[in-house]
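Work through the exercises below with the model open. Try each task before reading its solution.

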Amino acid sequence: MLRRLIADALAAPAPRIFALPVGRPEKVTVRFRESEMRQLAEVSHQRGMTRTGWIVALVRSRLGSPVQHSPNEHEALRAIVRELNRIGGNINQIARAANTSVLQGRAVEPDLSVVQEAKLVIEREPRAVA
């Protein structure tokens with residue numbers, strides 16, 4: 001699984017780098033119906049943003065600017081990165097222990113049921129994050 005993820009990442013095209021916005025901000029007026037305003041208020045509130053902030057983020061994302069996250073999303077992403085770093089550290093420790101055992105002439109006998117369970121968790125988690 002890790003080999004496939006690394007191979008996919010290496011084969012992926014380089015990310016497009018977007019130009020930073022330049023110039024002073026200008027005002028745009030947009031009219032919505034009352035029902036749409038309620039929906040905008042609800043959606044923006046769920047994201048922890050103002051209506052204007054959410055509309056600006058939405059338009060910028062359609063223009064190809066980097067995604068703008070709400071404060072709650074930033075915190076969730078930070079937690080995900082911390083957890084991924086912990087997982088990476090655990091994987092490194094496992095690899096180091098296995099390599100040390102092999103160098104010392106001891107056979108490494110993995111518990112296949114544990115490996116299978118870990119595989120299922122790894123496959124399930126990206127869907128949960130999405």
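**Exercise 1. The nonpolar patch**

Which residues form a nonpolar patch on the surface, and about how much accessible area do they have together?

Solution. Leu-77, Ile-80, Leu-84, Ile-87 and Ile-91 form the patch. Together they have about 380 Å² of accessible area. Patch members have over 30% relative accessible area and no salt bridge, and nonpolar side chains (Val, Leu, Ile, Met, Phe, Trp, Tyr) are joined within 5 Å. Take Leu-84 as one of the members. Leu-84 sits in helix α4. Its relative accessible area is 52%, so Leu-84 is exposed. The classes are buried (under 20% relative accessible area), exposed (over 50%) and partly exposed (in between), with a 1.4 Å probe and protein chains only.

A note on the model: it is predicted, local features need pLDDT of at least 70, side-chain atom pairs count only at pLDDT 80 or more, and totals for chains, interfaces and linings use all residues. Residues are numbered from 1 along each chain as its sequence is written, and side-chain values use heavy atoms, with hydrogens and water left out.

**Exercise 2. The overall fold**

Describe the secondary structure and the burial of the protein chain.

Solution. Start with the elements. The protein chain has five helices and zero strands. Along the sequence the pattern reads α-α-α-α-α. Helices (H or I, at least four residues) and strands (E, at least two) are DSSP runs, numbered from the N terminus.

Next, burial. Of the 130 residues in the protein chain, 6% are buried. The accessible surface comes to about 11900 Å², and carbon and sulfur atoms hold 59% of it. Areas come from the Shrake-Rupley method with a 1.4 Å probe; for residues, only the protein chains shown count as cover.

Last, contacts (heavy atoms within 4.5 Å). Take those between residues at least 6 apart in sequence: 21% join residues at least 24 apart.

**Exercise 3. Salt bridges**

How many salt bridges does a search of the whole structure find? Go through the pairs.

Solution. The search finds four. The criterion is a side-chain nitrogen of Lys or Arg within 4 Å of a carboxyl oxygen of Asp or Glu. Side chains of opposite charge can pair when their charged atoms come close.

- Glu-34 pairs with Arg-38, with the closest N and O atoms 3.1 Å apart. The two lie four residues apart in helix α2 (residues 34–46), so about one helical turn separates them. Glu-34 is exposed at 62% relative accessibility. Arg-38 is exposed at 52%.
- Arg-86 pairs with Glu-83 at 3.2 Å between the closest N and O atoms. Both belong to helix α4 (residues 71–103), three residues apart, so about one helical turn lies between them. Arg-86 is partly exposed at 49%, and Glu-83 is partly exposed at 40%.
- Arg-82 pairs with Glu-75, the closest N and O atoms being 3.4 Å apart. Arg-82 is partly exposed at 39%. Glu-75 is partly exposed, also with 39% relative accessibility.

Now look for a network.

**Exercise 4. Ser-44**

Is Ser-44 buried or exposed? Which residues does Ser-44 touch?

Solution. Locate the residue: Ser-44 is in helix α2. Its relative accessible area is 2%, so Ser-44 is buried. Leave out residues up to four places away in sequence. Ser-44 then touches Met-49, Thr-50, Arg-51 and Trp-54. The Ser-44 side chain also reaches the backbone oxygen of Ala-41 at 3.1 Å.

**Exercise 5. Helix spans**

Solution. Helix α2 has 13 residues and should span 18 Å. Its end C-alpha atoms are 19 Å apart, which agrees. Helix α3 (residues 51–62) has 12 residues. From first C-alpha to last, α3 reaches 17 Å, close to the expected 16 Å.

Then check what follows each helix. After α2 comes Gly-48, with a positive phi near 75°. After α3 comes Gly-64, with a positive phi near 95°.

How values were computed: The expected span of a helix is 1.5 Å times one less than its number of residues. Patches are made of residues with over 30% relative accessible area and no salt bridge: like charges are joined within 9 Å, nonpolar side chains (Val, Leu, Ile, Met, Phe, Trp, Tyr) within 5 Å. A polar contact is a pair of N or O atoms within 3.5 Å; within protein, one must be able to donate a hydrogen and the other to accept it, and residues adjacent in sequence count only if both atoms are side-chain atoms.
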